[in-house]
Amino acid sequence: MYGTTMKGGSGDDLGTVFRVTAAGVENVVHAFSGVADGSQPLLGLAIGKKHTFYGATGLGGAQNAGVAFRMTLDGTETVLHQFGSGSDGQYAQGWIALDDKGAMYGTTENGGGSANAGIVYKIDKSGVESILHVFNGADGENPISVTLMGKDLYGVTGFGGANGDGTIFKIASNGAFSVLHSFSGPDGRDPICPLVPDSDGNLYGTTFGGGANSNGAVFKLTLKKKKKGQTSAPKIERAA
């Protein structure tokens, strides 16, 4: 098992990638150092091909706005992109997705445009970044994650949307962006985790706040199917 810590590692306390064996023995695979390789990696890693994994750090890099990286199992890191140089986003989030061509998809908490509301990005296997969407607040703010389902991306923003409580969004394979749902409180507020698909194409997630007791909710987003496999208006249900 591999994972990350935001702190600890070297004397600089900038975070690690670690491995835990089946016997429960932990080893530090990589200790981040800041400017050169990033610092404070956030949350999960995505497993790629040829014994590699991918991730992002919230800080570090040349602009101290985070980096996207690829790493081998022995801890050898390749920085694919350093955020913060302009419209490319700031403060990368850790939940990312990979496609079958080796490209990674993710979000930054801030940056992108005048609203400073974050972006969705794509970085190909050679390290070239493309901006897939720049948030403006009305369509979401502070995107948290993306999930690749088929050729389309789905994700959540922690804030923004029609009620300021976060959104669920979709970026189709042709680049079209749409807000599928704006949270309003009773159905949850401030979604915080990646969306998880099931075999029927529904998406599940959680919110930090809102719900019947204002302590968060588990929700299900049903993507209704039309004929010929197209989707119509999605429906959200509070699962818990």
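Which residues touch the most other members of the largest nonpolar core? Of its 13 residues, the answer is Phe-83, Ile-96, Met-104, Tyr-121 and Ile-123.

## Ground rules

This is a predicted model, where local features need pLDDT of at least 70 and side-chain atom pairs count only at pLDDT 80 or more, while totals for chains, interfaces and linings use all residues. Residues are numbered from 1 along each chain as its sequence is written, and side-chain values use heavy atoms, with hydrogens and water left out.

## The overall picture

The protein chain has 22 strands and zero helices. Both kinds of element are DSSP runs numbered from the N terminus (helices are H or I with at least four residues, strands are E with at least two). With a radius of gyration of 18 Å, close to the 18 Å that the globule rule gives for 240 residues, the chain is as compact as a globular protein of that length. That radius is taken over C-alpha atoms, and the rule is 2.2 Å times the number of residues to the power 0.38.

Along the principal axes, the C-alpha atoms fill a box of roughly 50 × 45 × 40 Å. Buried residues make up 48% of the 240; buried means under 20% relative accessible area, exposed over 50%, and partly exposed in between (1.4 Å probe, protein chains only). Of the contacts with a separation of 6 or more, 33% come from residues 24 or more positions apart, a contact being heavy atoms within 4.5 Å.

A nonpolar core here is a set of buried Ala, Val, Leu, Ile, Met, Phe, Trp, Tyr and Cys residues joined through side-chain atoms within 4.5 Å. The elements giving two or more residues to the largest one are β6 (52–59) and β12 (119–123), and β12 supplies the largest share, three residues. Another core, of 12 residues, lies apart from it, with Ile-144, Phe-183, Leu-221 and Leu-223 among them.

Phe-83 has quite a contact list: leaving aside neighbours within four places in sequence, it includes Gln-63, Val-67, Ala-92, Thr-108, Tyr-121, Ile-123 and Glu-129.

## Glu-129, a buried charge

Glu-129 is found in strand β13 (residues 129–134). It is buried yet has no salt bridge, and the nearest side chain of opposite charge, Lys-122, is 12 Å away. For charges, Lys and Arg count as positive and Asp and Glu as negative; His and the chain ends are not counted.

What Glu-129 does have is a 3.3 Å polar contact between its side chain and that of His-81. Such a contact is a pair of N or O atoms within 3.5 Å; within protein, one must be able to donate a hydrogen and the other to accept it, and residues adjacent in sequence count only if both atoms are side-chain atoms. Beyond four places in sequence, Glu-129 also touches residues including Phe-83, Tyr-121 and Ile-123.

## Two salt bridges

A salt bridge needs a side-chain nitrogen of Lys or Arg within 4 Å of a carboxyl oxygen of Asp or Glu, and by this rule there are two. Lys-170 pairs with Asp-152, the closest N and O atoms being 3.9 Å apart. This links strand β16 to strand β15 (residues 152–159), across 18 residues, and both partners are buried.

Asp-165 pairs with Arg-189 at 3.1 Å between the closest N and O atoms. Here the loop between β15 and β16 is linked to strand β18 (residues 189–191), with the partners 24 residues apart. Asp-165 is buried at 11% relative accessible area, whereas Arg-189 counts as partly exposed at 31%.
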